[in-house]
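Please read this report alongside the sequence and the model. It goes region by region.

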Amino acid sequence: MDKKPYYITTAITYTSGKPHIGNTYEIILTDAIARFKRDQGYDVRFQTGTDEHGQKIEEKAAAAGKTPKQFVDGVADQIRSIWDMMNISYDKFIRTTDADHEKQVQKIFRKLYEQGDIYKGTYEGLYCTPCEAFWTPSQLKDGKCPDCGREVQPAKEEAYFFRMSKYADRLLQYYEEHPAFILPLSRKNEMVNNFLKPGLQDLCVSRTSFTWGIPVGFDPKHVVYVWLDALTNYITGLGYDADGDPDALFAKYWPADVHVIGKDIIRFHTIYWPIFLMALGLPLPKQVFGHPWLLMDGNKMSKSRGNVIYADELVQVFGVDAVRYFVLSEMPFDNDGNITWERINDRVNADLANTYGNLVSRTSAMARQYFGGELRDAGAAEPMDAELKAAAVSLCGKVTARMDEFKVSDALGEIFSFLRRCNKYIDETAPWLLAKDPEKKDRLATVLYNLAESVVIASSLLRPFIPDAAEKALRTFSCPPRAYADLGTFGLLPPGAKAEDLGHLFRRQSYREVEAQYAAMHPEHAAEPKPAPASEPKPAKAEGKGHAAPAYPAAISIDDFAKVRMQVGEVVASERVKKSEKLLKNTVKIGSETRTVVSGIAKFYSPEEMVGKKVVVVTNLKPAKLCGILSEGMILCAEDAAGDLSLLSPEKATESGSGIY
């Protein structure tokens with residue numbers, strides 16, 4: 001049976017310089033969608049590439065002492081190397097300087113001219129060189145370019161124009177008949193209200209004031225202007241021929257299933273591009289998804305602001321899959337996301353190292369310790385297993401529903417919610433206690449089998465997002481990726497499967513380590529160490545160690561120690577404190593009473609991980625307000641030399657309210 005074709009593209013990246021992580025997010029997002037569709041059984045064609053013409057490139061090349069072609073060759077190679085580093089599974093990398101693309105653009109221009117959609121005239125207006133866009137005075141924002149905020153200059157030159165207004169009503173009708181054409185819906189409303197209803201102006205499609213572009217074949221003093229050149233890559237990359245029969249690739253894959261683009265270029269892809277296609281007599285793409293931006297500390301990334309982060313630097317510190325995971329999980333469907341080095345580290349530690357990596361390593365270690373690595377379902381089921389299995393078999397459907405809407409962050413949220421449920425299952429079943437009772441050997445084997453099977457299901461679904469780590473997790477349990485059609489079935493882990501020791505999936509790091517690595521990459525930005533506050537004793541250096549030993553206060557008597565009341569508590573609810581990235585608000589049951597305890601552990605434990613845990617609580621501390629919340633105790637943790645925290649818990653099953661002596 002032939003697979004159903006699925007054509008997905010990114011916007012082509014402008015070769016003015018090295019792309020930052022905000023630019024790189026788009027290719028990672030599109031790759032995750034493409035990989036997921038392949039796993040579903042689609043015949044996926046994934047195209048990306050570079051946009052290489054224009055006045056801005058001509059000027060940058062001159063400033064660098066290079067020809068425009070030399071300049072774009074270098075930047076295009078750099079962009080492609082970053083895409084490859086991020087493990088992007090594209091099928092076609094197109095460049096607008098490719099000879100076959102340039103030839104087809106000339107043919108398209110001639111075709112549109114000959115049928116009367118393009119005409120020659122004179123343009124007089126205000127021009128923004130960085131955006132390569134003309135604006136009318138009414139379109140400016142505070143007298144500057146409405147897109148980038150930079151200065152505009154008066155310009156007048158002979159140019160060819162496309163009759164946009166000819167197709168405006170037809171485009172509006174298409175919007176009405178295809179309500180899911182533009183996603184999210186807010187982007188569609190913007191196009192209709194801000195551009196189509198006020199009336200479309202004819203579009204300038206050639207320039208004479210610079211030469212770095214595709215010459216208009218029948219009028220070579222003109223070069224084809226940006227969007228008619230750039231947008232047509234989606235069809236020229238499939239072998240479209242304006243003069244002849246379509247290539248087999250074009251016949252197979254067009255129209256595109258989705259163009260994935262940034263919200264800043266939604267107008268060009270949902271107004272100009274559909275109208276060009278209408279004029280060519282071609283079907284329109286099925287959907288255009290305008291994703292939000294990844295901001296740095298709440299601001300759009302810009303070299304001029306000095307707030308740019310690059311993917312290769314992040315990979316050097318965190319690894320490819322960690323960077324992929326962060327940007328995919330951080331970006332909502334319709335609102336901008338935010339990135340900082342500290343946020344990445346917190347998310348990697350909490351989600352990848354703790355929730356996922358720790359689950360894989362604990363399950364594998366226990367299987368190896370208790371059964372020599374053998375994984376088997378001994379049939380010793382208990383009622384609590386049913387909830388885990390139900391969550392496992394429903395997971396694929398939940399993830400698929402989110403991916404069908406391009407809500408990739410939500411899809412990852414479904415998987416990690418299930419992984420947290422797996423960790424809770426470990427706490428509920430306490431395999432280390434089962435191992436102490438020879439009569440419960442079959443129950444122990446069943447518990448570990450259920451955990452391994454759950455990891456296989458979750459890891460198979462994680463492959464589109466974090467491919468290498470997910471594959472490693474699957475190899476840990478000697479299992480190939482589970483076929484998409486089988487992900488709704490529990491218990492397919494074959495007899496004889498064995499748990500292996502392949503090492504940790506992700507490494508936890510303290511933020512101090514991250515800062516040190518950043519300082520090594522950017523010594524020019526390294527700040528002087530800040531002195532410890534006066535109230536804080538300076539830590540003493542441990543002999544023979546590379547880290548500081550804790551500085552202890554003066555010795556106390558047993559009577560002093562007896563004043564501290566510590567009891568076992570059970571966390572029954574937990575949530576993040578909105579005003580803080582470090583605090584969790586925990587509801588803790590201590591014997592017959594319930595208390596609110598605010599703890600600075602949000603970087604190390606998620607609220608879902610906290611629920612059900614037994615913890616040690618100091619219960620006679622004077623209540624204190626933290627971020628406006630009254631905290632009635634202190635949850636005790638251990639801190640290692642790297643600054644990582646671990647909750648203190650009783651070794652054996654202990655009732656809440658029990659005293660610590």
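In β20, which residue is the bridge partner of Val588? The partner is Arg595.

## Basis

This is a predicted model: local features need pLDDT of at least 70, side-chain atom pairs count only at pLDDT 80 or more, and totals for chains, interfaces and linings use all residues. Residues are numbered from 1 along each chain as its sequence is written, and side-chain values use heavy atoms, with hydrogens and water left out.

Helices (H or I, at least four residues) and strands (E, at least two) are DSSP runs, numbered from the N terminus. Buried means under 20% relative accessible area, exposed over 50%, and partly exposed in between (1.4 Å probe, protein chains only). Contact means heavy atoms within 4.5 Å.

Strand β19 spans residues 584–590. Leu584, Asn586, Val588 and Ile590 make up its covered face. Lys585, Thr587 and Lys589 make up the uncovered one. In a regular strand the side chains alternate between the two faces of the sheet.

β19 pairs with β18 (residues 566–576) in the antiparallel sense, over six bridges; two strands pair if DSSP finds at least two bridges between them. Here Glu570 has Lys589 of β19 as its bridge partner. β19 also pairs with β20 (residues 593–599), again antiparallel, over seven bridges. β19 and β20 form a hairpin with two residues between them. In the turn, Gly591 has a positive phi of about 65°.

## Helix α14

Helix α14 covers residues 383–404, 22 residues in total. From first C-alpha to last it reaches 33 Å, close to the 32 Å expected at 1.5 Å a residue; the expected span is 1.5 Å times one less than the number of residues. The helix has a kink of about 40°, centred on Ser394. The bend at a residue is the angle between axes fitted to the seven residues ending there and the seven starting there.

Buried residues of α14 include Asp385, Leu388, Ala392, Leu395 and Cys396. Val399, Thr400 and Met403 are also among them. The buried residues pack against α1 (21–40), α15 (408–429) and α17 (441–462). Just after α14, Phe406 takes a positive phi of about 65°.

## Helix α11

Helix α11 (residues 311–318) is mostly covered, with six of its eight residues buried. These are Ala311, Glu313, Leu314, Val315, Val317 and Phe318. Their packing partners include α1, α3 (68–85), α12 (320–330) and α13 (341–371). β15 (337–339) and α19 (511–521) are also among the partners.

## Thr48

Thr48 lies in strand β3 (residues 43–51). Thr48 counts as buried because its relative accessibility is 1%. A polar contact of 3.5 Å joins its side chain to that of Trp83. A polar contact is a pair of N or O atoms within 3.5 Å; within protein, one must be able to donate a hydrogen and the other to accept it, and residues adjacent in sequence count only if both atoms are side-chain atoms. Not counting residues up to four places away in sequence, Thr48 touches residues including Ile12, Ile27, Tyr90 and Phe93.

## The annotated cysteines

The unreviewed UniProt entry annotates Cys128, Cys131, Cys145 and Cys148 as "binding site". They are spread over 21 residues of sequence, yet they cluster in space, with a largest C-alpha distance of 8.8 Å. UniProt positions are given in the numbering used here, feature names are shortened, and annotations may be inferred rather than shown by experiment.

Cys128 lies in strand β5 (residues 118–128). Cys128 is buried, at 0% relative accessible area. Cys131 sits in the loop between β5 and β6 (133–135). Cys131 is partly exposed, at 26%. Leaving aside neighbours within four places in sequence, Cys128 touches residues including Cys145 and Cys148, and Cys131 is in contact with Cys145, Asp147 and Cys148.
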